[in-house]
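Please read them beside the sequence and the coordinates.

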Amino acid sequence: MPIQGRREGSGGKRRAVLLLSLILLVWNACATAAHVASIGLLPSMDGSAGSPVLQAATGNGTALPSVQSPRSGPLTIRQKYLLGNRVDINKASLSELSELPGISDTIAAAVVEERDRLGRFRSPADLLGIKGIKGKRLQKILPFLSKMPNN
């Protein structure tokens, strides 16, 4: 007599789903290894440094993807913001200002010109005097600015 509230065969279905998941996992791992081997990216040990180095197999004619890390370049303003670094609007260069969201090169040049004229920005309201910066755009860039009240 079956136990009340429990279906017969539900354990068998669970095992079947787990077995199918295991088969798919092994198949994906094998397919990935075969793909890596086919394009010639096999790790080898560099004798001098003792660290793995990716080398291409010779003569297979496939292009080798870049082995340089995507994080090796300079950080963007958004990445710096996520790390807790902000832009000081009174010291930032033209290129740093143009990386702010919604700020083009011409608006960044206008910000630098206005900053030179005023000496420095004392509040976010000072930025509203620049052609191209209205309330909505100011609210967009305010979180990226340091040493400014109300951000």
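1. Helices (DSSP runs of H or I, at least four residues) and strands (runs of E, at least two) are numbered from the N terminus. On that basis the protein chain holds five helices and four strands, and from the N terminus on its elements follow the order α-β-β-α-β-α-α-α-β.

2. This is a predicted model, in which local features need pLDDT of at least 70 and side-chain atom pairs count only at pLDDT 80 or more, while totals for chains, interfaces and linings use all residues. Residues are numbered from 1 along each chain as its sequence is written, and side-chain values use heavy atoms, with hydrogens and water left out.

3. The confidence of the prediction deserves attention before any detail is read. The average pLDDT (the predictor's confidence in each residue, from 0 to 100) is 75 for the protein chain, and 68% of the residues score at least 70. Among the elements, α4 has the highest mean pLDDT, 92, whereas strand β2 (residues 52-55) has the lowest, 50. Over residues 60-69 pLDDT stays under 50, and for this stretch the model has eight contacts (heavy atoms within 4.5 Å) beyond four places in sequence. Where pLDDT is low, predicted coordinates should not be read in detail.

4. On the chain as a whole, 19% of the 151 residues are buried, where buried means under 20% relative accessible area, exposed over 50%, and partly exposed in between, with a 1.4 Å probe and protein chains only. The accessible surface, by the Shrake-Rupley method with a 1.4 Å probe, comes to about 11400 Å², and 59% of that belongs to carbon and sulfur atoms. Of the contacts between residues at least 6 apart in sequence, 38% join residues at least 24 apart.

5. Which residues touch the most other members of the largest nonpolar core? In this core of 19 residues they are Leu97, Leu100, Val111 and Leu127; a nonpolar core is a set of buried Ala, Val, Leu, Ile, Met, Phe, Trp, Tyr and Cys residues joined through side-chain atoms within 4.5 Å. Helices α4 (105-118) and α5 (135-141) each supply at least two residues of the core, and α4 gives the most, with four. Apart from neighbours within four places in sequence, Val111 is in contact with Ile89, Leu97, Phe121, Ile130 and Ile133.

6. The structure holds one salt bridge, that is, a side-chain nitrogen of Lys or Arg within 4 Å of a carboxyl oxygen of Asp or Glu. Arg117 forms it with Glu114, the closest N and O atoms being 2.7 Å apart. The two residues are about one helical turn apart, because they lie three residues from each other in helix α4. Arg117 is exposed, at 60% relative accessible area, while Glu114 is buried, at 15%.

7. Arg115, also in helix α4, is buried yet has no salt bridge, and Asp116, the nearest side chain of opposite charge, is 4.4 Å away; Lys and Arg count here as positive and Asp and Glu as negative, without His and the chain ends. Beyond four places in sequence, the contacts of Arg115 include Ile89, Asn90, Lys91 and Phe121.

8. Lys80 lies in helix α2 (residues 77-82) and counts as partly exposed, at 27% relative accessibility. Residues up to four places away aside, Lys80 touches Leu75, Asn85 and Glu96. The C-alpha atoms of Lys80 and Phe144 are separated by 8.9 Å, although these residues are 64 apart along the chain.
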